[in-house]
Amino acid sequence: MDWGRFAQQMAAMARDLLAQESVDATLERITHSATELVEGCDAAGILMLSGEKVRTLAPTEKLVVDSDELQGRLGEGPCFEAARTVDGERVFRIADFTREQPRWPDYAPQAHALGVGSMMGFLLYTEDQEFGALNLYSRKPGAFTEASELAGWLLASHAAVAFSSARTYAQMEEAVATRHAIGEAMGILMGAHNLTEEQAFEALRRFSQQHNIKLREVARRVCERGGVD
């Protein structure tokens, strides 16, 4: 492992992550960086677990999606185990999928059948009932060494900070857009029906609750159609 070259690549990646314009772009840069920076890594992706629902973000290959879906179907696998651990296992490394894996008796042989030879995972965040991990795959057994694990951990540490910042920024943008839409919708209702601000907001809120539609979606409808109907 050429740690000098790795440090230079990590610095370049860190700058690139800050320059990304969306959460999706940030995640794609992270997973592609994994295949470039971590020795033995053939594919990478980010698994998001909310309760028992699995989503795959920024997969570099279909293998990643197939593995995540397999964990979801079985309700078993290293990511599920990490999510259910109180403190969360921050790093896992499965050296050889050709060998029996007692911790995941159903997942391991089926993952091997998909083409997984070895695997590493790094916890990105835990938040309420949500969990996110960066997963790295190799088609070869024994592909990941201690050096690979350290490189992956360093990458994941940078990725966790960038991911958190990107999500926070996206949430702020969404909140501002939602607030603007609600204000515009209230103005439309006030002008059309001679309502006060409080009455206009109450009309939006009541329609949202009665029809189980998010308030921002109700506001969007008002802006497009001129009313809640």
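At 48% relative accessibility, proline 105 counts as partly exposed; buried here means under 20% relative accessible area, exposed over 50%, and partly exposed in between, with a 1.4 Å probe and protein chains only. The model is a predicted one, in which local features need pLDDT of at least 70 and side-chain atom pairs count only at pLDDT 80 or more, while totals for chains, interfaces and linings use all residues. Residues are numbered from 1 along each chain as its sequence is written, and side-chain values use heavy atoms, with hydrogens and water left out.

Proline 105 sits in the loop between strand 3 and helix 5. Its C-alpha atom is separated by 9.0 Å from that of glycine 77, 28 residues apart along the chain. Helices (H or I, at least four residues) and strands (E, at least two) are DSSP runs, numbered from the N terminus.

A search of the whole structure turns up one aromatic pair, where rings of Phe, Tyr and Trp (its six-membered ring) pair if their centres lie within 6.5 Å, and planes under 30 degrees apart count as stacked, over 60 as edge-to-face and the rest as tilted. Phenylalanine 97 and tyrosine 107 come out as edge-to-face, at 6.2 Å centre to centre and 75° between the planes.

Overall, the protein has eight helices and five strands, running α-α-β-β-α-α-β-α-β-β-α-α-α from the N terminus on. Of its 229 residues, 40% count as buried. As for contacts (heavy atoms within 4.5 Å), 58% of those between residues at least 6 apart in sequence join residues at least 24 apart.

Now to the helix pairs. The axes of helix 1 (residues 3-19) and helix 2 (residues 23-37) come within 10 Å and cross at roughly 170°. Axes are lines fitted to C-alpha atoms, for helices over the stretch in contact, and angles run from 0 to 180 degrees between N-to-C directions. Helix 1 and helix 2 are therefore roughly antiparallel to each other; angles under 35 degrees count as roughly parallel, over 145 as roughly antiparallel, 65 to 115 as roughly perpendicular and the rest as oblique. On the helix 1 side, Phe6, Gln9, Met10, Met13, Asp16 and Leu17 meet Thr26, Arg29, Ile30, Ser33 and Leu37 of helix 2. This contact has six nonpolar, three polar and two charged residues, with Ala, Val, Leu, Ile, Met, Phe, Trp, Tyr, Cys and Pro counted as nonpolar, Asp, Glu, Lys and Arg as charged, and the others, Gly among them, as polar.

Helix 7 (residues 197-211) and helix 8 (residues 215-225) have axes that come within 9 Å and cross at roughly 115°. Here Phe201, Leu204, Arg205, Phe207 and Ser208 in helix 7 meet Leu215, Val218, Arg221 and Val222 in helix 8, a set that divides into six nonpolar, one polar and two charged. Asparagine 212 lies in the loop between these helices, with phi near 55°, a positive value in a residue other than glycine. At 73% relative accessibility, asparagine 212 counts as exposed.

Alanine 58 also has a positive phi, near 50°. Alanine 58 is in the loop between strand 2 (53-57) and helix 3 (62-74) and, at 17% relative accessibility, counts as buried.
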